[in-house]
Amino acid sequence: MEPILKGRNLVKRYGKVTALDHCDFDLYPGEILAVIGDNGAGKSSLIKAVSGAVIPDEGDVYLEGKKIKFTSPIDARNVGIETVYQTLAMSPALSIADNMFMGRELRKPGWRGTFLRQLDRKMMEEKAREKLTELGLMTIQNINQAVETLSGGQRQGVAVARAAAFGSKVIILDEPTAALGVKESRKVLELIQDVKSRGIPIILISHNMPHVFEVADRIHVHRLGKRLCVIDPKDYTMSDAVAFMTGAKDAPQSGDMAEV
Amino acid sequence: MEPILKGRNLVKRYGKVTALDHCDFDLYPGEILAVIGDNGAGKSSLIKAVSGAVIPDEGDVYLEGKKIKFTSPIDARNVGIETVYQTLAMSPALSIADNMFMGRELRKPGWRGTFLRQLDRKMMEEKAREKLTELGLMTIQNINQAVETLSGGQRQGVAVARAAAFGSKVIILDEPTAALGVKESRKVLELIQDVKSRGIPIILISHNMPHVFEVADRIHVHRLGKRLCVIDPKDYTMSDAVAFMTGAKDAPQSGDMAEV
Amino acid sequence: MSDAENFEGAASAAPDQVAQFQTHKKGFVPTLQHWLHVNPALVPLIVLVLSIAIFGLLLGAKFFSPFAMTLILQQVQIVGIVAAAQSLVILTAGIDLSVGAIAVLSSVIMGQFTFRYGIPVEIAVLCGLAFGTAVGAINGWLIAVMKLPPFIVTLGMWQIVLAANFLYSANETIRSQTIEAEAPLLQLLGTTFKVGADADGRGGATFTFGVIAMVLIFAFLAYALRQTAWGRHIYAVGDDPEAAQLSGVNVRKILISVYAVTGLICGIAGWALIGRIGSVSPTSGQLLNIESITAVVIGGISLFGGRGSIMGPLFGALIVGVFTLGLRLLGADAQWTFLLIGLLIISAVAVDQWIRKVSV
Amino acid sequence: MSDAENFEGAASAAPDQVAQFQTHKKGFVPTLQHWLHVNPALVPLIVLVLSIAIFGLLLGAKFFSPFAMTLILQQVQIVGIVAAAQSLVILTAGIDLSVGAIAVLSSVIMGQFTFRYGIPVEIAVLCGLAFGTAVGAINGWLIAVMKLPPFIVTLGMWQIVLAANFLYSANETIRSQTIEAEAPLLQLLGTTFKVGADADGRGGATFTFGVIAMVLIFAFLAYALRQTAWGRHIYAVGDDPEAAQLSGVNVRKILISVYAVTGLICGIAGWALIGRIGSVSPTSGQLLNIESITAVVIGGISLFGGRGSIMGPLFGALIVGVFTLGLRLLGADAQWTFLLIGLLIISAVAVDQWIRKVSV
Amino acid sequence: DDHKTTACLITKTDTNPFFVKMKEGAEAKAAELGMELKSFAGKVDGDHETQVAAIETCIADGAKGILLTASDTSSIVSAVTQARDAGLVVIALDTPLEPIDAADATFATDNFLAGELIGQWAAATLGDAAADAKIAMLDLAVSQPSVGVLRDQGFLQGFGIDLGDPNKWGDETDPRIVGNDVTQGNEEGGRKAMENLLAKEPMINVVYTINEPAAAGAYEALRSIGREKDVLIVSVDGGCPGVENVADGVIGATSQQYPLLMASKGIEAIAAWANDGAKPEVTPGKNFFDTGVALVTDKAVDGVDSISVEDGRNLCWG
Ligand SMILES: Nc1ncnc2c1ncn2[C@@H]1O[C@H](COP(=O)(O)OP(=O)(O)OP(=O)(O)O)[C@@H](O)[C@H]1O
Ligand SMILES: Nc1ncnc2c1ncn2[C@@H]1O[C@H](COP(=O)(O)OP(=O)(O)OP(=O)(O)O)[C@@H](O)[C@H]1O
Ligand SMILES: O[C@@H]1[C@@H](O)[C@H](O)OC[C@H]1O
Ligand SMILES: [Mg+2]
Ligand SMILES: [Mg+2]
């Protein structure tokens, strides 16, 4: 089977630090791929490289088998790849609704939209509220509240809701539950399952092993800027996974690696 | 027993939002007190109010039974209360060593320190490296690296190391392991135990129930801006705790509340 | 810890109820503060109304007349138009020091193209506006694509355009009478109409097309900023350009378009300048950059970008106009007026800050 | 998932080894880039050396002589001293528009206290310096305690101090000859000494105490910024004031002290101004704010604060000086020089940006 | 007092001692005649809009007349016309408007003549050496305001140099001119401009300066390289510090103008207009009232009228 998103030989250097060191990467259609690894292993750098947020120094990215060059995250979004970055990428002074629809605002129907390019604020607010309610995030009191007035977890919820609402080909989540409470985390996991059931593949970066083992179809273990191995959560235990990613145990031979 | 740090009737409002709603709070000597609660429940606001980062609108804070008014985090630090804020509070462009010693730089011995007020950079770098190594964070390659070049987890590690190194009376950690990997989280938990064994009480905010139940002596459950109850982890299960904090179950009567 | 695996399930029974905190009432002043916090453009408006009231009390009919009131409008029209443009730039966390130079060279181009080369005046005006837009676009390109700091790009551009202005115009003024006779379109924005003047056309409220143009530009930008995606993106870019980029805003396009629109508006300001002073004068407008920035900041737009309402700078410009005229009518001499305007600038912002602060 | 409880234990066997990536060599240019990235102050230094070399080639001995080289030093000394002060402020993410006005009024105070009131000149000089410090401290107080934006505070202060300057001095110049006869201390920083002049004292390298003062101020600030806690705190405040506050920096104290030191240095600049122009003239120094900011930005200090090295602005000021003199010697007239300096400003920063960028 | 006649004085700036004295002269005269004076000024030389606003303010204020030194002599005309239509008398001081009859009257120095006098004096002082003089021209500003152009061109005319276009400086081709540089009319600018030109040609021996502060700055530059004794500096203004500088040999000669006279004449004219609608007369043979200009030097030369430093001191201002 052809991976929907593929990276080959990706290299990204920051000064003397090599964040990605000839790294490969595969995401297959319809799957949930977890990416795990130590802090600083290069996970965020990897997903930035495949989502247009940074341009890799070397190596190629393929979407559905075709080589692509994303020069900005907008390119990736335009082909349906939606990312929640670890830093969340929100405009603090703008409202939740503004942030959710940033870059793909809805315009009023008719001449006011076409000629005056007027936004349909009501519609956007309604939809935003709907998405947040789905995630159980309506402890947020006002959809027009500035994002900077939200708690850390509330912010993360908004970012995840945005990605889920708009991703049509791939959804990438970089530690989406890091700041979330138990209840909110559950909602996100449910959402991930839900997105998968719509046939959209997901990349999930997480340090939470129980969550990873609960939802992942395959686990990409990242170590020292490279893909160390890919394992099937049904074949290995959490202890194994932790041992691989921390270097406590040697990685399984590629013959044993998880195949789709 | 007299609490070492005590809050009574604390109120903090942000515009229409009441983040703290007549909230009480007690930390006893030598204990690890976990604070748990939904996103937006007001946990961060609470610890900000007792560490001088915000000035509560109403209510009082007591340190060792004496009423105190912190007007800035510096006041709190001066009496030995060290806090890792959820936002980490680092200067991105400055080095790890600079950040660790921010506000309590070491000066060279002798006249160069006294008269020229020259910093002892070497000493600071050495100590910083030592602390980070203790936390297993020496995947960081260079102690003079700017903090903005660190991965999210590495940054969090630096912040925790700073607090652990300098806290002498109380250490407050607001979600210290949120961005940390498995290995790094373990190190932080070990560190917490270690600090406790030095007799210093700790406040730990976390959404990670296994971690909370592993290390906490008492658990302060926060809900809707108030202390809902305090439970002893030995008397309740994680499910109970989650049920209390999310409102799925009613809180135990105060008679049942955990006492020291 | 036997429930380790499924403890999270306990959350599922949780109520989905929205948190309800009691709302707190604290009387008039906090309510006002909160209301102003939500509508920050009202702060300069209130300062404006107060200062008109105070000068009106001190000076009586001399100041509080339709004539004097509309005079202020005329006196601030150029600064006002430029401040509208400057606001856009400042909302993106930029700054444009070249606004005055662009306005002046645009007006010189309109004049010289008409008189030196005999180009039809309509086309000359368009050339002037196109020139302003082009210089603005170059600023934007240098800032967005070359990633140079706005302060330095527009500082350089200021000097370049100003020197070009003197070189090109040979510092020649085109006289009002000549323009009036041969190319009245250049003076279009100076056309006045009076309301309530006496039989000789004296006194009464006097408006000019330039004043109306200023108001229209503000209204247009207010619409664009609130009601179009372009406007929301301007705020996002000013707030955090990296986040904006990651969340799908074409930051380059926004920046280039903002500086280009700024250049265009400066071109219009140049045209209005001809209307206001009658002639085409290459030495005008030297202080427009500082004056427009002052208006913007008194109007409550943050120099760090992303925050503030476009109507603020209009009130900001008017506040300065009211103070200048009021103080002069009170008989303060020029240096005292400068000194007091300096104090005004600081206190206007201090009042603003006071109103915004506290836990509102 | 039976290992749910203790899976984390698996990490304990992990090696504590530090990650080792292979270092990559890519030849000279990347190495240079990396090196410059680590030492950003070198970028303006290189631009400076290159521009001296180019003008030297074009102009030969006329330019590349001890006389011309030290002339540039003398011409930039005032801007240089003020740029040192401005750098401090800009490192805290502030800006000081009042620098020139403070310098001038300080010099007027030194002169008028001596001549109008007959105060001993030593004390008059101290009063001038104290005045500068006090105005700076007021700026700092308004910014740090009242939380007003630096741009607006110093814009207001600029107007206030400048107007006060004209009101106080009554625009009276104190002549060089009078000062020389009665209070030579005022001209101290103008004292020259020559190295390698001919028998008549012509040609050769000419230094003034003012130039030396400028170099000493830079050296002192470079030390303070790198080697003292005060300096590190300045960077922290500029980087993220909230984070600095939370991590134990007394942000207020730092801001007030920075603006006060800036005022003091401006006072010294005022003293040097007397040395340079011989007389005490209230109309001097009007462009010092723009000129000093230009030097700072060409010198590579970010206007957003927290980043840059203090030596950069010294080179920045010298770059502008080299271009001004070089272009004049090449025969460019005043207007063209003005235009070319505009281009220089943009291109110097563009080169800087180019050198810094790419994945260094 | 509301019944007092109000007069306005609008100057280019009020930071230049010349205008400060003008204002003092006007104030003194107004006080003497029981009038009220309001003065206005641009922020910088060339600040035209502030002057327009000032005229409007005077109209709003019900003033009887305006004394004006215009920054932009032709652009200001429409504002002046507006004022005259509103019944005010407008008198140009120091700087004639374009056209000159746009104002009701003009009391001014003949700036071209002021330049011509110092040019003639310099040429005569050098004698034969004038043929290979090396001249530095220290002008006002890159925008080439008219006072600066008139004095510069007057100087060159007096020195015997072909002017090219008499409406701008810098287009002359005479090799004796080392170069033009701008000073902003202050000491600092004077010094820097002088240094720049000296670096170009160290043997400069004649320096024209737009005004006396610029001359003082140029002198400092010469002094620092030890050439102050062998260079002839000429200037315009005749302010008291300038005259002292002539006495001390810093400046060789300066053309003195009389701002106090302009101002007091102007106030008198407004008073007359307010009383009986009378308009002022002009100097016979000229289209303005010439307040006069005199060359101040102790080294008089044949063929150029001059007054002594002592006389200059008695007439000086500021
Ligand atoms: N902009 C940058 N400049 C310099 N170095 C960087 C930059 N971004 C990342 N790095 C470095 O690259 C390495 C990989 O970082 P990355 O953020 O990809 O790690 P990660 O696996 O996502 O870690 P975490 O789990 O902590 O988020 C780290 O050593 C980091 O210091
Ligand atoms: N600066 C602020 N301005 C306005 N509202 C704020 C501000 N800080 C916090 N709040 C609001 O106060 C409430 C409590 O926030 P707080 O950060 O204390 O929650 P928390 O319990 O720490 O949540 P989390 O687990 O997500 O960190 C939230 O509703 C939040 O939106
Ligand atoms: O005549 C004036 C002159 O003397 C002064 O020095 O500068 C401005 C001029 O208008
Ligand atoms: Mg990461
Ligand atoms: Mg929190």
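1. Over all chains of this predicted model, a search of the whole structure finds two disulfides. With the bonded cysteines of chain E numbered in sequence order, the pairing is 1-2, 3-4.

2. One disulfide is formed by E:Cys8 and E:Cys58, with their sulfur atoms 2.2 Å apart. The torsion about this S-S bond is about -120°, so the disulfide is left-handed. Distant parts of the chain are linked here: E:Cys8 belongs to strand S1 (residues 6–11) of chain E and E:Cys58 to helix H2 (residues 48–60) of chain E, 50 residues apart. Both E:Cys8 and E:Cys58 are buried.

3. E:Cys240 and E:Cys316 are joined by a disulfide with an S to S distance of 1.8 Å. This disulfide is right-handed, because the torsion about its S-S bond is about 95°. The two cysteines are 76 residues apart, E:Cys240 in helix H8 (residues 240–247) and E:Cys316 in the segment after helix H10 (309–315) of chain E. E:Cys316 has a relative accessible area of 15% and is therefore buried.

4. A:Cys229 is buried, at 0% relative accessibility.

5. The residues surrounding ligand 3 include E:Lys12, E:Asn16 and E:Asp237. A polar side-chain atom of E:Asp237 lies 2.3 Å from an oxygen atom of ligand 3; for E:Lys12 the corresponding distance is 3.1 Å, and for E:Asn16 it is 3.1 Å. Ligand 3 taken alone exposes 270 Å², of which the protein buries 98%. Three nonpolar, three polar and four charged residues make up the shell.

Definitions and conventions
Residues numbered from 1 in each chain as written. Chains lettered and ligands numbered in written order. Predicted model: local features only at pLDDT ≥ 70, side-chain atom pairs only at ≥ 80, totals over all residues. Heavy atoms only, no water. Near = heavy atom within 4 Å. Polar contact = N/O pair within 3.5 Å; in protein donor to acceptor, adjacent residues only side chain to side chain. Areas by Shrake-Rupley, 256 points an atom, 1.4 Å probe, with all protein chains shown as cover. Nonpolar A, V, L, I, M, F, W, Y, C, P; charged D, E, K, R; others polar. Disulfide = S-S within 2.5 Å. Helix = DSSP H or I, 4+ residues; strand = E, 2+ residues; numbered from the N terminus. Buried < 20%, exposed > 50% of the residue type's maximum accessible area, 1.4 Å probe, protein only.
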